[in-house]
Amino acid sequence: MSLRAALKIVVADKARVALALAALALLATAAVTLGSWTVGSSAGNGYAKAVTAQNLTLGDATASTTAQLYPGGTGDLWVKVTNPNSFAVTVTGVTGAGTITSDKGAACNASTGVTFTNTSGLSQAVGAGATVTFSLAGKVAMSNASDNSCQGAVFTVPVTLTATS
Amino acid sequence: MFARRHLLVLGGFVAALAIAGAAEASWATSGSGAGYSKASSLPAGSVPSHTISTYPNVALNWTALSVAGAPVSYTVRRYSEAGTLQSIGASCSGSVATNACTESAVPVGRWQYTTQATKGGWLGAESAKSTTVEVAAPPTTLTCTNCHTYSGTGTVYVNSANRTAVQLQATLPATSLATDTANLSLTDSASHTVSTSKPATAGAGTVVFSTLSTATFVDGAVTAGSYVTANTGDLSSTKSLALVRDTVAPTASDIVAANSGTRRIIDNGDTITYTFSEAVDPGTVKSGWAGTSTAVSVAFTNVGANDTFVVSGTNLGTVNTTANYVTGAVTCSGSTMVASGATITVTLGTCLGLTRNGPNAGDNFQWTPTATITDLAGNALSPSTVTGSTGTF
């Protein structure tokens, strides 16, 4: 083998090695990003399958609340959200989704005087598999219709969260 | 050729990456559950303090309260000492926005107050009851039982006879309590004051304050005031009585005759003017007389060179004319008498009897009044003789 032929072989191997490394790096990046992407083992063919995004779950955030509401006043809504997905999400909106109740019983529940203001445009990040507690300042209001038995009550405000990954 | 093939491969990877990125941005999810919010609660009311600002209005104030930093309103209640809820009066009724109010026209009695914070439909715990405030009724009447009242004006006088032992009597109403104290004070125009206190009666009754000395007072207006003090320290309003202190006895200062008919002759229209150092009580000059013109009779008696006369039916006393006007008894009937200020003027009517000419130069009567006459304050006239200025009938 002449020196020229030998040099061609070396240059050709380096190019192949470079291409191979680039392909591996791309596949690795895609796998990390999407998680569920898989790479086929057959030469020349690749296959990918997206996971189904799971709903966020909401937990008990009463421990975070502070006594703020009074007739004619406003307070914060506290939300404890868990992201069961393997990818991070951003909560973008919270919408009221039912009757607000209290831990004070029927008299208070009959006239809580409490309302929630739907909120959009949020950017509350929740990491993959993470649980985050956050508040919506001043989004809960109490009217003068609040029953006397509602003093000191913890109100449960049914909500629906919207989020994007 | 080799480079072109590898560029195509790299372009394919870049396209794949772009497709993967677009897929990631489109993920959306949601979740349902509950958020939580907590209500505050109203603090318990604070016990109000009280004063009787202007009888019978009770001024209340208490510590301001808030809920979550917001001010609250208040409900104020009044109870009897026995614990019976009362209807609270104006200014403190309904929702009170500030931490003070004054209940107007509070009824006589012993009361306790509470406050309660309110906010919308919320009610805080009612405070404990305040200490007792007593709205005590003042005496219904106050009289001086040994003062002199001049019937002409109704003025009540402290005079020389009672100035060191004035006695007043306060009448207390049925609401009077044995735990109350009745008070009395006398104050003159120079702010001299004497005061005293006695236990009030249980129920209606009278309290007599005796031997109050005004020895250090100056003559003039004196105010007597009686009020009730409760054992809570609260005061009733004051029942007042206006008095006038006059301890100076009047004196006779002048007497003079003036001709109206024939000079030097006692005849119809002639006048006799009695002057005192101050106005006298007409009723002490002639019983039942108020000072307006009244019919009298003037009787002259022949006493040689010192003929005298009296105004019959009066206490003016005997006057020595120091002259010889009559030679026998002369009676001037149909005469009249009128008082004005410190003078009493007698105008002769028809005079019957033996008269003669009086002195040319006139004469100076000598008048000795009786001590029956008093001034308006009841001070007796000094009965010393006074020589009048020159005049003649």
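How many bridges join β13(B) to strand β16 of chain B? Four bridges link the two, with β16 covering residues 166–172 and the strands running antiparallel. Before I go on, a word on conventions. This is a predicted model, in which local features need pLDDT of at least 70 and side-chain atom pairs count only at pLDDT 80 or more, while totals for chains, interfaces and linings use all residues. Residues are numbered from 1 along each chain as its sequence is written, chains are lettered from A and ligands numbered from 1 in the order in which they are written, and side-chain values use heavy atoms, with hydrogens and water left out.

Strands here are DSSP runs (E, at least two residues; helices are H or I, at least four), numbered from the N terminus, and two strands pair if DSSP finds at least two bridges between them.

Within the pair, B:Thr143 stands opposite B:Gln169 of β16(B).

Turning to the whole chain, chain B has two helices and 31 strands. Its radius of gyration, taken over C-alpha atoms, is 46 Å, well over the 21 Å that the globule rule gives for 393 residues, so chain B is more spread out than a compact globule. That rule is 2.2 Å times the number of residues to the power 0.38. Along the principal axes, the C-alpha atoms of chain B fill a box of roughly 185 × 55 × 35 Å.
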